[in-house]
Amino acid sequence: MVLIQVALDIIELDRALLIAKEAVLGGADWIEAGTPLIKSEGMNAIRKLREAFPQKTILADMKTMDAGAIEVEMAAKSGADVVAILARADDVVISEALRSAKKYGVRLMVDLISIDEPEARAQELVALGVDLINVHVGIDRQMTGKSPLEMLSKISREIDAEIAVAGGLKPETAQEAVAMGADIVIVGSYIIHSDNVAQSAKNIRHAVDSLCSASGLGSDSGVSFSQKSQEEEIFDIFRRVSSPNISDAMHRKGAMCGISTLFPGRKIVGRAVTVRTLGGDWAKPVEAIDLCGKNDVIVIFNSDRNMAMWGGLATKTAANRGVAGLVVDGAVRDMDEIKKLSLPIFAANVVPNAGDPKGLGEINCEITCGGQIVNPRDFIVADDSGVVVVPKEKAYEIARRAEEVWKKEQRILDEIDKGQSMSSVLELLKWEKQK
Ligand SMILES: O=C(CO)[C@H](O)[C@H](O)COP(=O)(O)O
């Protein structure tokens, strides 16, 4: 039977206990005191989990790098059944941790996070006598598109030890991991940030069990899952999250100033076709429409915010072409006409007077729009809160991080809905900066 471990990577103990309870209802077998919880609450987190779940296996994710014996001893004495330390630690640290694990009757898991040659290190660890190997890609590396499955497919063929796997797993990837030979599936974010923790744990349980019960399935089972391209994944996420979620994910960078929606409720998600123009000259903005494909957004800098370089005729042409939207650091006009069309428009100003088509300016060059640098093909997300630009080189990582922000907020909203106050959910007083 493949085991499911819920990783409580949460800094508030009461929330962690609540989420653990829901995850167990959904089918989690092992409960992990995640490293952030241990750093926030110390060994008390393990004691409280032991007390609340006397029958469950409790894992302490210590991420130990030194002083192997004492760290394992502390976790064991607090009630852990399994203690996780780092494969990057010296062999002498691992041996000390093993000695302590034997002495206090716990099992030792060693985590391959950020190891350069994981197969070779896994062999060494098994030779040292560790009980479990965790094939793991950490949270920050996940955001850049790394998954533990490639590492798992190599390691599971090579080593003779119980194998756990962790790193952004969801039902599809948990199932793939089982098909590749994982014995323990560790899941954090997908379960703990869900607004229905029990159901999310159930989804993992179902994915894992349905594969286990299908006869003859193994690493050559031919089980396959539809793969989205990275671009499709970015679009999917940006359509789901908000511009504030993205701004949070970018540590407050990327938000344009002084540009807002003309038509609330219309959202843009697309890639920039940039235009720089001068003093209301509308030739380049209008020519840019003919260069646009589906999912393209025209982003314009005009040096004069009191002279419109966009109006009803341009809007009609852009709408007919299927342009995703318009963002203008400058002015537009003809509101009575453009409001009848569905094109989302974000602008700095609306004025009645227009410039002339002189052909000054450039298309698809670097521009500054609303105080932010925009390059051709950068991602633009604009909604009722404003406009953010995401550099194309960082788009996948930012999308993944924004999705995490969104999921965390959904979970907190759910707890507020159930009667808690925002400050109690987030333990604001405890986490105020100490003077
Ligand atoms: O140890 C961890 C991070 O270092 C996490 O607990 C582990 O990666 C599982 O969480 P997620 O499913 O969110 O990746």
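Predicted model: local features only at pLDDT ≥ 70, side-chain atom pairs only at ≥ 80, totals over all residues.
Residues are numbered from 1 along each chain as its sequence is written, and side-chain values use heavy atoms, leaving out hydrogens and water.

**Strand β6 and its neighbours**

- β6 spans residues 132–136 and is mostly covered, with five of its five residues buried; strands here are DSSP runs of E, at least two residues long, numbered from the N terminus.
- Strand β5 (residues 107–111) pairs with β6 in the parallel sense over three bridges (pairing takes at least two DSSP bridges).
- M109 stands opposite L132 in β6.
- On the other pairing, β6 and strand β7 (residues 162–166) run in the parallel sense over five bridges.
- H136 has A166 in β7 as its bridge partner.

**Helices α4 and α5**

- The axes (lines fitted to C-alpha atoms over the stretch in contact) of helix α4 (residues 68–78) and helix α5 (residues 91–104) come within 7 Å and cross at roughly 30 degrees; helices are DSSP runs of H or I with at least four residues.
- That angle makes α4 roughly parallel to α5 (under 35 degrees, on a scale from 0 to 180 degrees between N-to-C directions).
- Contacts (heavy atoms within 4.5 Å) join α4 residues including G68, V72 and K77 to α5 residues including V93, R99 and Y104.

Methods. Buried < 20%, exposed > 50% of the residue type's maximum accessible area, 1.4 Å probe, protein only. Parallel < 35°, antiparallel > 145°, perpendicular 65-115°, else oblique.
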